[in-house]
Amino acid sequence: MIRREDAQPALLELEGVTKVFPNGTVALREVDFRLAQGSVHGLVGSNGAGKSTMIRIVSGADRPTDGRVVLRGEPVHHWAPGTARAAGIGTVYQNVPLVPTLSVLENVFLGQGAAAARVPLIAQLDRYLELEALLGISIDPWTKVESLPIGRRQLLALLQVLALGATLIVLDEPTASLSRTERTIIFDVIRRLSSRKGISFIYVSHHLSEVLDLTDTVTILRDGRVASRWATADLDVGTLLREVTGAELAAFERSRDRSRSGGAEPLLEAQGLNTKTGVRDVSFTLRAGEVTGLFGMMGSGRTELLRALYGADPLESGEVRYRGRVLEGGTPGRAAAGIAFLPEDRRRDGLLLNWDVCRNASIVDLGRLGGPLGTLRPVNEVERALTAIDRLSIVTQGPGQPVGTLSGGNQQKVVFAKWIFGDFDVFVLDEPTVGVDVATKAQILALTRDLAAQGGSVLINSSEPDELLAVADRILVLRGGTLVAELEPAQSNENELIAYATGLDRT
Amino acid sequence: MRRRAFRDAFKVRNAGIFYALGALLTVLVLIAHFKGQPFYLRPVNAVNILEQTSLLAIVAIFSTVVLISGNFDLSIASTAALSMLVTIELVEERGLVVAVLGALVAATAVGVLNATLVQKLGINSFIVTLGTLTAVRGLILVVTNGQSVALEDQKAIDSLSRLYYPPISTPNLLLVAGALLLAAAVFRVWRSGRASAVSPLGAALAVGGAALLVAGAMTDARLQLVRPVWLMLAVALATTLVLRGTVVGRRLYAVGGSAEAARLSGIKVGWYKSGAFVAMALAAGIVGVLYAAQLTALNPNALQGLEFTAITAAVLGGTSLYGGSGTAVKSVGGALFLITLQNGFNVINLGPNWQSLVEGTVIIVAVAVYTLAARRSSAPIPGDAASESDFVLDESDADPQSKGARLGT
């Protein structure tokens with residue numbers, strides 16, 4: 001499948017790399033991998049396919065149990081983060097490890113430790129401007145990092161590894177939380193660096209279209225093995241999706257014959273909501289059996305609206321009614337009424353990371369799972385967890401595994417498990433598919449439809465128009481904290497959504 | 001699963017304080033032996049250690065509750081001293097009942113004040129309770145004019161002392177232990193369903209149990225324990241049941257583990273955090289009454305430093321200072337350890353100047369050992385989102401990076 005690329009000299013090779021963790025999990029089995037000099041190499045696979053482990057081995061954070069790492073034709077010895085860095089390998093993670101209270105300049109040279117402190121500031125600045133020119137961007141070096149938008153921080157992380165002299169850069173889901181324009185900038189930078197400077201990239205992403213857009217070569221991992229390797233030119237989305245998910249294509253197919261719910265009973269009514277966080281006079285009604293999409297650009301107030309709806313942020317004015325009754329008492333009042341909330345940042349706000357699957361899944365429903373006098377019934381909780389693991393196909397060692405050690409998609413499934421088995425019928429989902437793989441994404445969207453089919457009402461916020469078009473019965477578009485449109489997916493499209501969200505519909 | 005949980009309970013990272021206590025006792029027994037002193041753990045000394053531990057342990061248990069909820073309470077020593085003061089001041093003229101109720105109300109008021117300042121105004125609990133620590137102590141100094149107060153009315157002294165003395169005897173401990181071992185042996189056979197299949201462990205349990213019964217029949221292995229020791233046992237049991245076995249306990253751990261995740265799960269975070277302060281203050285009040293009953297006098301500087309000793313005991317018992325973890329029984333273990341250490345200095349005849357140095361060193365070493373044990377047993381498990389860098393072990397879930405990177409959608 002690959003011809004052109006093999007002619008290039010290999011920068012990095014993995015030969016028969018196997019990784020077995022002390023707990024017996026086999027993360028990688030005899031993986032062969034070849035990265036050509038100056039190429040952008042996509043690495044795709046479902047959650048748990050072994051991408052993270054492979055990145056950790058490439059960056060020296062883990063050593064292979066078996067097999068070897070070959071760098072520029074030489075097998076490496078004593079592989080460790082320090083040696084990998086010295087050999088010019090840099091890694092940019094999804095959560096950028098920058099120090100928010102330091103300036104851009106200080107952050108860029110942070111990785112160099114004591115050495116940087118001895119370099120005169122003027123020389124540092126020179127080097128910084130040089131790097132900036134290389135990337136073709138400009139960020140004021142004196143700005144504090146905390147005041148930069150997330151997209152800029154990703155670029156900064158890239159600057160940071162370049163400052164260390166990296167010639168092989170591993171990008172782990174760099175665009176997961178970026179807007180469209182920010183993505184375009186990152187892609188331009190990557191292309192420029194690889195074509196002009198011969199810097200090689202390993203690009204890990206769940207966004208298949210990005211992978212097709214950006215990379216020269218794609219390696220697909222499945223269950224810890226290399227499923228296949230392709231020249232990107234020979235690939236299309238369908239093939240890639242099939243390769244990633246294996247034989248059964250789990251992509252969510254929308255059933256067009258979904259029941260219309262116009263006349264159904266209104267479950268939740270928002271009336272004239274205003275908040276200090278920027279929601280302006282928003283009113284809408286959620287009905288039973290209906291999935292309502294919420295779309296908008298970054299900063300349009302979507303998360304703020306959902307938080308206000310759930311009582312996580314106070315309302316300045318307006319009211320939220322559930323089955324006609326005005327809701328009060330913040331989040332406990334909402335949860336008691338039957339409203340479920342899945343926050344945007346599931347690791348921080350949705351889960352207790354060092355708790356196991358069982359205790360996380362039961363926390364909102366302890367009253368019903370427990371015994372008399374407020375006692376706990378562990379048997380019921382384990383049963384609930386096992387049901388959740390089975391029904392949501394959560395990949396875990398069992399109900400006793402801490403959720404912090406699960407992969408992103410499986411963590412999100414545990415967050416779902418908290419609510420969907422309880423006595424809840426309004427589901428407020430804030431970006432439920434961010435950072436999860438395609439197969440899980442399809443499952444989550446299917447689950448969303450199921451919840452509606454069982455008489456629930458779902459409000460789903462997403463920055464992916466195609467996702468909303470596929471799953472929602474109607475889509476609300478938010479701009480500047482105000483609802484600007486309500487669209488029918490069947491009669492709408494991505495461009496229309498974006499036009500409303502950006503305000504282009506007015507011109 | 002249950003058996004694994006049972007075995008896990010004995011691992012160093014889960015029971016570190018009891019291994020430390022065992023090691024300390026062994027060392028002291030040996031030192032006493034080679035110095036030609038009587039057996040270190042002789043009943044009179046064991047009873048002494050338990051008595052000294054009891055009130056500290058009760059405070060430590062509730063310090064643990066406050067720490068689990070994610071807060072600090074430094075005001076407890078002053079609160080307990082306030083309770084002592086109210087008891088002593090009221091008992092002669094108003095009688096015991098009014099004195100005790102008054103003391104508990106005064107103590108609880110401090111807890112409500114702490115809770116209100118922390119929850120309603122959002123001031124850090126460390127600062128708030130540092131303030132109440134100082135202010136309440138100041139109040140005591142004002143009321144007593146810095147002078148010690150001692151009860152003189154013998155009737156009042158007698159009625160108050162009865163809360164503390166006389167000791168209540170335990171059953172013959174050897175008989176109890178023997179009966180328990182035999183019961184365990186019988187249970188094993190009953191569970192396996194075949195009398196023929198007696199495992200070596202089962203046989204050992206039976207033989208050991210029988211031996212203990214015989215020994216118990218020949219000796220009077222009863223301990224005379226003062227009331228606070230029994231109260232400590234009851235409080236430890238009750239707190240353990242509430243923390244481990246009830247919805248309230250589970251939610252308290254959730255609140256301390258991640259207040260935001262708990263709030264978004266519909267838990268009344270404020271109630272739990274406030275409740276911990278009030279329970280702590282009430283417990284400090286009870287402890288104050290019992291100290292008053294023991295001493296029947298008040299030194300205005302009494303109990304200073306109790307708060308830090310209690311928090312040290314909790315931390316020795318594995319309680320996280322970041323909230324969300326800790327157990328009552330292990331904090332009692334921590335208190336026992338600290339008191340045994342102090343008691344042991346008498347055995348070794350170590351001058352008072354050396355005691356603090358040794359105590360501090362031992363505390364740091366003990367905590368270091370099972371921090372390392374906990375770290376070793378939690379090697380990262382592969383998973384796409386859980387890289388080692390963001391794997392949180394015992395701290396709260398607050399991840400400054402993700403906070404900073406929060407999107408403005």
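**Entry 1**

I started at Ala340(A), which stands opposite Phe427(A) in E17(A). I then noted the basis of what I was reading: this is a predicted model, local features need pLDDT of at least 70, side-chain atom pairs count only at pLDDT 80 or more, and totals for chains, interfaces and linings use all residues. Residues are numbered from 1 along each chain as its sequence is written, while chains are lettered from A and ligands numbered from 1 in the order in which they are written.

E16(A) pairs with strand E17 (residues 426–430) of chain A in the parallel sense, over four bridges. For pairing, DSSP must find at least two bridges between two strands. Helices (H or I, at least four residues) and strands (E, at least two) are DSSP runs, numbered from the N terminus.

I looked up what packs here. Helix H18 (residues 438–453) of chain A touches E13, E17 and E18 of chain A, and its direction makes about 150° with that of E18(A). Helix H11 (residues 302–310) of chain A lies across strand E13 (290–296), E16, E17, strand E18 (457–461) and strand E19 (474–479) of chain A, at about 150° to E17(A). Contact means C-beta atoms, placed from the backbone, within 7 Å. Axes are lines fitted to C-alpha atoms, for helices over the stretch in contact; angles run from 0 to 180 degrees between N-to-C directions.

I traced the strand order of this open sheet as E16-E17-E18-E13-E19-E20 (chain A), with mixed pairing. Strand E16 (339–342) and strand E20 (482–487) of chain A are the edge strands, each pairing on one side only. Neighbouring strands are turned by 20° against each other on average, direction ignored.

**Entry 2: the other sheet of chain A**

I found another open sheet of six strands, in the order E6-E7-E8-E3-E9-E10 (chain A), also with mixed pairing. Strand E6 (89–92) and strand E10 (225–231) of chain A each have a single partner strand, so one side of each lacks a neighbour in the sheet. From one strand to the next, the twist averages 20°.

I followed strand E9 (residues 217–222) of chain A, which pairs with E10(A) in the antiparallel sense over six bridges. Val218(A) has Trp230(A) as its bridge partner, and Ile220(A) has Ser228(A). The two strands form a hairpin with two residues between them; Asp223(A) in the turn has a positive phi of about 50°. Strand E3 (residues 40–44) of chain A runs parallel to E9(A), joined by four bridges. There, Leu43(A) stands opposite Thr219(A). Five of the six residues of E9(A) are buried (20 or more other C-beta atoms within 10 Å of the residue's own, with C-beta atoms placed from the backbone).

**Entry 3: chain B**

I counted 17 helices and four strands in chain B. Of its 409 residues, 43% are buried. Helix H11 (residues 247–257) of chain B has nine of its eleven residues buried, among them Arg250(B), Leu252(B) and Tyr253(B). What covers the buried residues includes helix H15 (366–369) of chain A and helix H13 (269–295) of chain B.

**Entry 4: confidence**

I checked pLDDT, the predictor's confidence in each residue, from 0 to 100. Chain B averages 85, and 87% of its residues score at least 70. Over residues 379–409 of chain B the pLDDT is below 50. Where pLDDT is low, the predicted coordinates should not be read in detail. For the complex, the predictor gives an ipTM of 0.80 and a pTM of 0.75.

Terms used. Buried ≥ 20, exposed ≤ 12 C-beta atoms within 10 Å, placed from the backbone. Contact = placed C-beta atoms within 7 Å.
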